[in-house]
Amino acid sequence: MKQIKYQLKNKMKVLFIQSKKSPVVSVQMWVKTGSADEKKGEEGISHFIEHLVFKGTDKFKVGEIANLVEASGGELNAYTSFDQTVFYVTISNSFSDVALDTVSQMMGYPTFIPDEIDSEREVVCEEIKMGQDSPGRRSSQVMFSSAFKKHPYGLPVIGYEKNVRSWSAKKIKQFYQSRYVPSNMFLVVSGDFEILEMKQKVQKYFAGFVPYKLKKVKRSQEPKQKKFQFKAEKYKIQDQHLHLTFKAPNVKSKDVPALDILAMTLGQGDSSALVKKLRLENAIVNSISAFNYNPQDQGIFAISAHYQDEKFATVTEEIFKQIDFIQNNPPMWDEIKRARISISSEQFYSIETVDGLASKAGGQEFYLGDANAHKKYLAAVNKITPQDVQKAAKKYLKIDQLSASFLGAADKAASEKKLQTLPAIWKKTVFTKKAALAKQKKVLIPKLTMTAKNNSRDQDVEKIVLKSGIKVLFKQMDDIPTVSSKFVFRGGARLETPETMGLSDLATRSWMSGTKDKNEAELLKSIEELAMGLSPFTGKNTFGFSLDYMTAFEDKALNLALETMTESPFTNEIIAREKSVMVQQIKSKEDHPSTLCVRQFMKSMYGDHPLAYDSVGTLKTLENIGRNEIIQLKEQVLNPENLTISVVGDFNKKEWLNKINQLEKRMTKIGKAPGAHALPPLNEIKKEFLEKDKEQSHVIIGWRGLSLTDPDRFTLQAIQAILAGQGGRLFYELRDKNSLAYSVSPLKMESLETGYFGGYIACSPEKVEKAIDMFQIEFKKLITEKVSIDELDRAKRYLIGQHDIGLQRKSALCNLLVFDEVYGNDYNQSLHVALEYQKVTREKIIQLSESLFTKPYVVSIVGKRL
């Protein structure tokens, strides 16, 4: 990789990161203004402008930017945060001019047409309502507002509906011209391009930006916190959301590496202290985590827990005990090793994609003025000792620096009363005597380095079928020293019945309970010390294991994977623990109307067929499953004839085949792959409604679709592309023109017997019937009107571009190979899918649309009853 940084005459900085790994480029514009730079009455204007620059420029009308990018096979989006606003396009390098042209137009020449501003107000207000219905977003806002009383980090980035409805076009343009100036922006271009040529293109598209005078903003500063503070909010949900946040330094502090490792030690990964104590040893919480957030100004160190029932005292006591322990006892060197390796491994995975490269370099340039700051950060991380982590815990985790927030169904006064007890719990828990620990010996911690190799992405896939029936697909890619693999068995929900629904999910949750030589804690620690990913998964049709690791740890990683797959003891204790968590998660689904909408839709569409099964089951079906059922499932699934493996990356093929031979000797041969199930007929239109008191209603309309192997599936993908994306029909008609929603999209699923195809929207309850009518109009158009040649070409280029962009990741390629092989498709057809898309015609779209969208359909609605 090669980096160059320079500045245009208008003072705009430009950063190039040249990488020849994939024929893709990412163009990102970082604007040094975010919600924290807004004055009173302006809250949310940066986010609103993020929306409006897509709504027309000097060169492009409404919808044309998205249409052009997607017609060129690219993807575009933007986000606003406290400190910055970022716009980006990722696209094939042959269309780099499209990316540069569209980004330059949005950043330099937006028109802010009053009618379009008014239209987008409705969209943003729908987005605000969507956030109000989200427990996660609401609890996050309560957390930040409890920690920051004066500083704008305590205000919502998205702002307030009253503000969005009040700003004039003049006000918006004034704000834009005061902050979106060349000296306050920097452009990042990463990927496969020639530097001299790209310099000329950047000059062409960005040198003409008007250098408006930058309006300097002085942010309100947070007063020094001197005592414990808290905030509670009542919200009718099953889960209770607790956040304990301590003031932390900004991104430039030398304490950041130690705090990052402290967060990992306390609450990141299954072998971290809080996860072990509160989630694994005792299933007290649904989830618990710790994170260190260091933005431009003062940040926070947060510990977050989700739980049910009256567990406040138990949860907080354990959190404070672990804080106290680490303040009085430095962590073990093994924990430092785990954290160092995990952080170091991120350097490999973060550069798999060109947008990952651009985001990483852009963030470092924004905050630290150095796109290569990660090198200094890694050097600092590799010098951290247990004493450094202990010192950081003592310095920052203090009761007078604690802000506590709570979101739950209890009355606000009752919740505040609980929070007020925290200083007493802290006093009772903290200041224990130092434990008598044996003197630690420093452990050897390997340093991970990137070894330059030839890019071998063009190597063919090698397929090997062993005598036992195991199929193995190898694809060597040694550009980055990582490996992604999948072990896939036919199974999943198809091995369940309506009475044992949730069995496969319970099996995956319990599978990591240990091996012959390791208990659960030892196994999880061994996995995390290698920074490897090893996890069971299940779905409607399959069951299996995902394995990702760094090449340097290949032998150890494969041994651990082999032991985990075949030696799990499935202890009753761990099964009971995981069932209790599933019970909590079943109850938590009531907090998520979109999930309820999907569940209602699937049940109405498929009845008692496995496609309708809820992955976690029901409270009743969980009573019917346990260790015996899991062992039977294992024996049925783990059959060599039922196994397909894909391996992609920088691996040793001989080592892999040796381990696979060991694996097949450990598997039973009594299982049989499940086949197809009879589908219940869908003879009439069904409309299902579930009442929920939410700001938005969630709507799905859908028809029976295609199977996984149906030759028309490529035509259906083209139909989806015509409807999808910011340049697609649904976005343009329902969002851009009619402002019905923030979130609207087509939905598609394919399975062994059939699938579904339809649309989803989240909108205000009064807009539901209009949304359903408009969905039906758009689906009917596909039958009655020929898609234009231009629109079909756009859909094809979009699909081909998304295919190429997606396959930058080894895991995506790994999935493509293995699932095509499992389902009986030709993976070469998928690898060269452009040939299949070129066969799609306008006539085929009409024929398929007529065969699908003239049949009975299902409408699922969850929301308020008007």
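Which residue in E6 is the bridge partner of Val14? In E6, that partner is Leu187. The structure is a predicted model, in which local features need pLDDT of at least 70 and side-chain atom pairs count only at pLDDT 80 or more, while totals for chains, interfaces and linings use all residues. Residues are numbered from 1 along each chain as its sequence is written, and side-chain values use heavy atoms, with hydrogens and water left out.

Helices (H or I, at least four residues) and strands (E, at least two) are DSSP runs numbered from the N terminus. Two strands are taken to pair if DSSP finds at least two bridges between them. Strand E2 (residues 13-18) is joined to strand E1 (residues 2-7) by six bridges, and the two run antiparallel. Lys2 stands opposite Gln18 in E2. E1 and E2 form a hairpin with five residues between them, and Lys11 in the turn has a positive phi of about 80°. E2 also pairs with strand E6 (residues 185-191), in the parallel sense and over six bridges. Five of the six residues of E2 are buried (under 20% relative accessible area, with exposed over 50% and partly exposed in between, for a 1.4 Å probe and protein chains only), so E2 is largely enclosed by the rest of the structure.

An open sheet is formed by five strands in the order E7-E11-E8-E10-E9, with mixed pairing. Its edge strands, each pairing on one side only, are E7 (229-234) and E9 (287-293). From one strand to the next the twist averages 15°. Axes are lines fitted to C-alpha atoms, for helices over the stretch in contact, and angles run from 0 to 180 degrees between N-to-C directions. E7 and strand E11 (residues 402-408) run parallel and are joined by six bridges. Within this pair, Lys234 stands opposite Gly408 in E11. Two helices pack on the sheet, with contact meaning heavy atoms within 4.5 Å. Helix H11 (residues 312-328) touches strand E8 (240-248), E9, strand E10 (299-307) and E11, and its direction makes about 25° with that of E8. Helix H16 (residues 412-419) touches E7, E8 and E11, and its direction makes about 150° with that of E7.

Helix H12 (residues 333-349) and helix H14 (residues 373-381) pack at an angle of about 165°, with their axes 10 Å apart. That makes H12 roughly antiparallel to H14; angles over 145 degrees count as roughly antiparallel, under 35 as roughly parallel, 65 to 115 as roughly perpendicular and the rest as oblique. H12 passes H14 in a left-handed crossing, the term for a near helix turned anticlockwise from the far one by less than a right angle, with right-handed used if clockwise. Arg340, Ile343, Ser344 and Gln347 in H12 meet Tyr377, Leu378 and Val381 in H14. The residues of this contact divide into four nonpolar, two polar and one charged. Here Ala, Val, Leu, Ile, Met, Phe, Trp, Tyr, Cys and Pro count as nonpolar, Asp, Glu, Lys and Arg as charged, and the others, Gly among them, as polar.

A further open sheet has six strands in the order E12-E13-E17-E14-E16-E15, and its pairing is mixed. Strand E12 (462-465) and strand E15 (533-538) are the edge strands, each pairing on one side only. Neighbouring strands of this sheet are turned by 15° against each other on average, direction ignored. Strand E14 (residues 482-490) and strand E17 (residues 643-649) run antiparallel and are joined by seven bridges. The bridge partner of Phe489 in E17 is Leu643.

Helix H20 (residues 554-567) lies across E14, E15 and strand E16 (542-550), running at about 160° to E16. The axes of H20 and helix H25 (residues 653-666) come within 10 Å and cross at roughly 15°. The two helices are therefore roughly parallel to each other, and H20 passes H25 in a right-handed crossing. On the H20 side, the contact includes Leu558, Leu562 and Met565, and on the H25 side it includes Trp656, Lys659 and Leu663. The residues of the contact of H20 with H25 divide into five nonpolar, three polar and seven charged.

Helix H27 (residues 729-737) has seven buried residues out of nine, so it is largely enclosed by the rest of the structure. The buried residues are Arg729, Leu730, Phe731, Glu733, Leu734, Arg735 and Asp736. Just after H27, Ser739 takes a positive phi of about 50°.
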